[in-house]
Amino acid sequence: MNIAIVGAGKLGIKVAAALLGGDHAITIIDKDETKLDKISQHLDVMTVHGNAKQIDMLKKIGIEEFDFLLAVTGSDEKNIVIASFAKKLGCSKVIARVRDPEHMNQIDFIKANMNIDHVVNPDLAITLEIYKYLVEKYTLNNGIFSSGKVSLIQFSVKRAKYLIGLSMFDVRTLLPNMLVVAISRNGKIIIPHGNTIIDAGDTLYLIGEKTEILELHRKVHEKGKYTNLQKVMIIGGGKTGFYLAGKLAEFGAAVKVVEISKERCYYLSTHLDNVMVLHGDATDSNLLEEENIDEMDAFVTATGYDEENLLLALMAKQRGIEDVISKVSRQSYKDLVEKMGIDMALNPLDIIASTILRYIQGSKRIISSLLIQGQAEIMEIIAVPGMKLVDIPLKDLDLPEGVLIAAIHRGQQVIIPSGNTKILEDDKVIIFCLLTDIAELEKLLRKKRHFL
């Protein structure tokens with residue numbers, strides 16, 4: 001497909017890199033020539049220096065020939081206008097990043113009148129993942145996800161203590177028709193391998209034939225595993241803090257937001273109901289103690305600084321707060337997060353890039369997809385002729401560490417694969433993938449090129 005991306009920021013580059021894995025033709029448009037020069041050195045994309053708000057610019061690149069335009073500049077207004085102009089000029093589908101709550105309150109009107117097909121909001125996306133974790137506790141609906149004859153369950157290993165200390169090889173022997181596809185450990189989702197050992201504090205994601213999984217679900221499901229969440233402290237009153245405070249207050253929790261900007265505090269206090277807004281520096285431990293940090297059921301760090309988010313999250317965890325969640329945008333911190341022992345670390349870029357990719361893919365290959373704790377995705381695809389993962393034993397596919405072929409639907413048959421299993425044309429394949437490896441997965445899902 002022919003895809004234009006307006007805005008050479010972190011999100012634009014991340015989406016471009018992932019789409020290249022799917023063998024699309026990418027054009028990146030930006031007003032910063034230095035950024036474009038750097039991008040052209042690392043990515044096989046067309047770069048265009050210019051202002052995409054100018055109709056002549058869009059006409060010059062032949063926007064009517066494009067399948068998608070994604071507007072992800074730093075301005076909501078620019079994104080809305082650029083997407084609207086591109087649609088009017090003949091682009092098939094347009095996507096705009098819109099973050100401002102005032103726009104989101106009337107987003108249906110904006111989409112309808114500006115003729116925008118899809119809107120993405122990183123702050124709202126990460127808010128929904130945090131809310132789901134804090135309020136519902138289960139990432140999966142009531143702890144189970146089913147597709148046809150295959151089901152996936154999520155449960156604390158404490159509900160099946162006989163699995164503690166076992167390796168994946170041992171689990172496969174004990175439960176031959178099931179597969180542990182992911183483990184949530186210390187705030188991080190990991191894809192297990194043969195020698196991975198299950199720890200006492202792990203949450204497991206286990207897949208298998210529906211009848212057997214439902215039987216196991218009856219034994220390990222924690223009935224009424226819904227939260228009694230009462231007190232939450234949010235550090236950072238930016239857009240994520242704003243959206244999250246509003247949703248948690250609506251749920252009925254007592255929410256405190258700590259924000260260093262006096263001007264931002266005024267905005268929050270005039271736009272949020274039933275939320276206590278505190279003007280102060282969250283790195284001041286005296287302030288947090290005065291606001292009874294030790295009484296909090298949950299503590300969320302959502303400032304614009306990863307280092308501050310992680311340090312405050314670590315401090316909160318050491319004080320014994322049950323649920324500690326941190327927003328972390330820098331990929332290089334992912335290994336550090338696991339060692340710190342916080343409950344959940346989310347990267348808004350990963351989440352929204354995955355959302356955009358699934359929208360662009362449409363229903364051509366992806367039947368369904370579901371985010372897991374905002375860090376991984378489980379998806380069901382149809383294996384089409386020529387796809388790189390077809391007709392090759394899984395052990396020879398050189399799968400990235402963060403990608404796992406979890407199950408295969410073949411007619412009425414359910415296959416929990418081994419290294420010798422081959423995916424055949426028309427198989428429905430369930431794949432588990434860390435969001436950080438989405439670009440690598442896209443390469444496997446694209447068709448092989450044939451040269452004459």
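The largest pocket of this predicted model holds about 1000 Å³ of space. A pocket is here an open set of points on a 1 Å grid over the protein atoms alone, with protein on both sides within 12 Å along at least five of seven lines, and its lining residues have an atom within 4 Å of a point. The volume is the space filled by probe spheres set on the points, which are joined across faces, edges and corners. Of the 45 lining residues, R99, T303, G304, K327 and S329 are the closest to the centre of the pocket. Two or more residues of the lining come from each of α1 (10-21), α4 (76-88), α7 (122-136), α10 (239-251), β13 (254-259), α13 (306-318) and α15 (348-361). The greatest contribution is that of α13, with four residues. Helices (H or I, at least four residues) and strands (E, at least two) are DSSP runs numbered from the N terminus.

Local features were considered at pLDDT of at least 70 and side-chain atom pairs only at pLDDT 80 or more, whereas totals for chains, interfaces and linings use all residues. Residues are numbered from 1 along each chain as its sequence is written, and side-chain values use heavy atoms, with hydrogens and water left out.

Strand β1 (residues 2-6) runs parallel to β2, to which five bridges join it; strands count as paired if DSSP finds at least two bridges between them. Within this pairing, N2 has A25 of β2 as its bridge partner. Four bridges link β2 to strand β3 (residues 46-49), also in the parallel sense, and D30 is partnered by H49 in β3. Together with helix α2 (residues 33-42), β2 and β3 make a right-handed β-α-β unit, in which, with the strands pointing away from the viewer, the path from the first strand over the helix to the second runs clockwise. Strand β2 (residues 25-30) is largely enclosed by the rest of the structure, because five of its six residues are buried (under 20% relative accessible area, 1.4 Å probe, protein chains only).

A separate description applies to the open sheet of five strands, which are antiparallel in the order β7-β8-β11-β9-β10. Its edge strands, β7 (144-147) and β10 (188-190), each pair on one side only. Neighbouring strands of this sheet are turned by 20 degrees against each other on average, direction ignored, with axes fitted to C-alpha atoms and angles running from 0 to 180 degrees between N-to-C directions. Four bridges join β7 to the antiparallel strand β8 (residues 150-156), where I153 stands opposite I144.

The structure contains zero disulfides, defined as pairs of cysteine sulfur atoms within 2.5 Å. C91 is buried at 3% relative accessibility, and C265 is buried with a relative accessible area of 8%.

Methods: Buried < 20%, exposed > 50% of the residue type's maximum accessible area, 1.4 Å probe, protein only. 1 Å grid on protein atoms, 1.4 Å probe; cavity = no way out; pocket = protein on both sides within 12 Å on 5 of 7 lines; lining within 4 Å.
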